[in-house]
Amino acid sequence: MKTILLGISGSISAYKAADITNQLTKMGYKVDVIMTKSSTEFITPLTIQSLSHRRVHLDVMEEPDVALINHIALAKAADLFLVAPASANTVGKLANGIADDLLSTVALALLPETPKIIAPAMNTYMYQNPIVQRNLTTLKEVGYQEIEPREALLACGDYGRGALADITDIIHAVNTTLKE
Ligand SMILES: Cc1cc2nc3c(=O)[nH]c(=O)nc-3n(C[C@H](O)[C@H](O)[C@H](O)COP(=O)(O)O)c2cc1C
């Protein structure tokens, strides 16, 4: 059974991560989920754990197994790292090596060969911001695959690119990458 390490960050589209968790689990993947503090304002860990049937990881200082260092164990166990949705903040942290929460710390501890997929979701002006674009370029240069956001009428009322990619496209990218 392959293990997918799913990071959920603080976007209005975080509720869609429940569907991603559900579908991947039902496909037979072991889905270990890390939620940022902000993401728990949008969707509860209870929802995610009920769908993944696994404990959700929230805090870098929480060590559920005293025999292990959790962030290292999670990183090493991952056959694929997926961040969906990826907020502008989390994109920035991953691109710049900031490790101030569990998700960003685990990202730095991944083995070099672990495939990494990131699905950003944010306001269209945030997505177009040169700083965010530069951060995404940096991530792609170090091996991340970006599943680009869709153009849509966004929750904030703006129309443009920024909506989380379709779940089917994200799942397809995971399946294809793991088959390679
Ligand atoms: C209602 C609401 C919706 C938000 N939606 C997004 C979003 O879609 N994308 C984004 O990058 N930030 C969004 N934010 C801002 C992030 O939640 C904020 O930058 C946060 O610090 C992200 O933290 P994280 O990356 O640790 O999850 C939203 C904030 C609020 C209050």
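Colleague: Is threonine 177 buried or exposed, going by its relative accessible area?
Modeller: Residues count as buried under 20% relative accessible area, as exposed over 50% and as partly exposed in between, using a 1.4 Å probe and protein chains only. Threonine 177 has a value of 12%, so this residue is buried.

Colleague: Happy to hear it. What kind of model is this, and how are residues numbered?
Modeller: It is a predicted model, in which local features need pLDDT of at least 70 and side-chain atom pairs count only at pLDDT 80 or more, while totals for chains, interfaces and linings use all residues. Side-chain values use heavy atoms, leaving out hydrogens and water, and each chain is numbered along its sequence as written, from 1.

Colleague: Which helix holds threonine 177?
Modeller: Helices here are DSSP runs of H or I with at least four residues, strands are E runs of at least two, and both are numbered from the N terminus. Threonine 177 belongs to the run covering residues 167-179, which is helix H9.

Colleague: Which residues does threonine 177 touch, beyond those up to four places away in sequence?
Modeller: A contact needs heavy atoms within 4.5 Å. With those sequence neighbours set aside, threonine 177 touches Leu80, Pro115, Ile117 and Gln145.

Colleague: What distance separates a ligand oxygen from an N or O atom in the side chain of serine 87?
Modeller: Serine 87 sits in the loop between strand S3 (80-86) and H5, and its relative accessible area is 9%, so it is buried. A polar contact is a pair of N or O atoms within 3.5 Å; within protein, one must be able to donate a hydrogen and the other to accept it, and residues adjacent in sequence count only if both atoms are side-chain atoms. For the serine 87 side chain and the ligand oxygen, the distance is 2.6 Å.

Colleague: Which residue puts a backbone N or O atom 2.8 Å from a nitrogen atom of the ligand?
Modeller: Threonine 90, in helix H5, uses its side chain, with an N or O atom 2.6 Å from a ligand oxygen. The residue with the backbone atom is alanine 121.

Colleague: One last topic, the strands. In which sense do S1 and S2 pair?
Modeller: Two strands pair if DSSP finds at least two bridges between them. Isoleucine 8 stands opposite methionine 35 in S2, a strand with five of its six residues buried. Over six bridges, strand S1 (residues 3-8) and S2 pair in a sense that is parallel.
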